[in-house]
Amino acid sequence: MSGLLSLRPSQVLADPAGSAMVVVDSIVRNVAAEGWFYGQMLAAVALGLAIDLIRRRNLRQRYTSRSVRVDAVYGLLELAHVIQFAVILPAGLLITRALQTWAPWLEIRVLAELPVWLQLLILFVFTDFCVYWWHRLQHRSRIVWQFHKTHHSQVNLNVLTTFRATVIDRLVAFAFLAVPAAMMKVDAALPVAIAAALQFHQLIIHSDSGWSFGPLDRVLVSPSFHEVHHSSLEPHLDKNYGGVLSIWDHLFGTWAPRGQQPLEYGLVAERLPEAWIKQQFVPVVGLWRLFREHTARTGAATRAEPSA
């Protein structure tokens with residue numbers, strides 16, 4: 001084994017210069033291999049800036065705001081793959097293996113006989129279907145909402161808001177979305193690969209560009225479609241859940257039109273701390289508050305009961 005993972009503490013101490021070169025070489029090779037990923041991010045950020053300039057937005061106020069700086073931290077961690085390699089990918093592989101080992105009845109064996117391209121197409125559509133229902137649960141369940149609300153706390157929607165999600169939220173979502181991979185008996189890396197291929201789309205729909213895909217809006221999620229989902233206006237709350245395909249919202253009655261009123265973003269009647277570290281504890285704090293509320297209601301109902 002060669003590269004960064006091959007380094008040992010004794011080797012670093014014995015040959016610091018050589019070890020430094022191994023690190024540099026590893027970084028260069030990884031950056032070159034993932035040039036398409038970094039290119040997508042740079043293109044999306046550049047496009048977002050161009051949109052802001054065309055619309056004559058106050059760039060200083062927008063991009064020096066604390067909330068956008070926090071999004072930049074999420075984006076940098078995404079670029080470095082820190083969370084993916086340290087938490088998401090190992091957990092995803094473990095969950096998928098566990099499902100395939102202990103829940104083999106989930107597997108749809110006939111799919112294994114299909115061509116790979118068709119397997120990927122079916123996996124994409126089925127995963128997107130699951131994304132819709134998981135996203136809908138994230139908004140409809142007060143418990144699951146505690147994991148997801150950090151993503152909706154951004155009042156200055158921008159391309160880097162794509163990555164505004166706590167580690168716990170990403171883990172819970174990955175655990176849920178590992179089921180389609182287990183059903184098709186595919187490696188957990190395949191859903192990750194599909195998500196990576198669609199990364200530019202996810203960045204653009206958070207660009208606050210207001211763009212519509214015209215008639216294709218009934219099939220594909222456009223920036224305008226997803227901006228409605230992030231809107232804090234009452235007619236838009238808990239609407240437009242689609243991830244890539246918008247057909248699910250039209251089929252299941254959760255689609256809402258944009259309308260003429262300017263959109264406002266962020267949470268309704270709640271503010272979260274604008275600091276990356278503090279936001280990682282938002283789900284825990286939210287669940288604790290729900291528990292205290294439940295305990296208080298239960299206690300009040302018990303006290304209200306007439307004594308025998």
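## Helix α5

A residue counts as buried when its relative accessible area is under 20%. In this predicted model, the buried residues of α5 are Ser67, Val68, Val70, Asp71, Tyr74, Gly75 and Glu78. Around the helix axis they span an arc of only 155 degrees, which places them on the same side of α5.

The length of α5 also checks out. Its 15 residues, at 1.5 Å a residue, should span 21 Å. The C-alpha atoms at its ends are 21 Å apart, which agrees. His81 follows α5, and its phi is positive, near 60 degrees.

## The largest nonpolar core

Eleven residues form the largest nonpolar core. They are Phe37, Tyr38, Met41, Ala44, Val70, Tyr74, Val159, Leu160, Phe163, Leu203 and Ile204. The most come from α3, which gives four.

Leu160 belongs to this core. Leaving aside residues up to four places away in sequence, Leu160 touches Met41, Val45, Asp71, Ala72 and Gly75.

## Aromatic pairs

The structure holds ten aromatic pairs. One of them joins Phe129 and Trp248. Their ring centres are 5.1 Å apart and their planes meet at 70 degrees; an angle over 60 counts as edge-to-face, so this pair is edge-to-face. Phe129 sits in helix α7 (residues 116–140) and Trp248 in helix α13 (residues 247–252). The two are 119 residues apart, so the pair links distant parts of the chain.

Phe129 is partly exposed, at 26% relative accessible area. Trp248 has 9% relative accessibility and counts as buried.

Tyr132 and Tyr241 make an edge-to-face pair too. Here the centres are 6.0 Å apart, with 75 degrees between the planes. Tyr132 lies in helix α7, and Tyr241 in the loop between α12 (223–230) and α13. This pair also links distant parts of the chain, across 109 residues. Tyr132 is buried, at 0% relative accessibility. Tyr241 is buried as well, with a relative accessible area of 0%.

## The aromatic cluster

Both pairs fall within one aromatic cluster. Its members are Phe126, Phe129, Tyr132, Trp133, Tyr241, Trp248 and Phe252.

Terms used:
Residues numbered from 1 in each chain as written. Predicted model: local features only at pLDDT ≥ 70, side-chain atom pairs only at ≥ 80, totals over all residues. Heavy atoms only, no water. Core = buried A, V, L, I, M, F, W, Y, C linked by side-chain atoms within 4.5 Å. Buried < 20%, exposed > 50% of the residue type's maximum accessible area, 1.4 Å probe, protein only. Contact = heavy atoms within 4.5 Å. Expected span 1.5 Å × (residues − 1). Arc of directions from axis to C-beta. Phe/Tyr/Trp six-rings, centres within 6.5 Å; stacked < 30°, edge-to-face > 60°.
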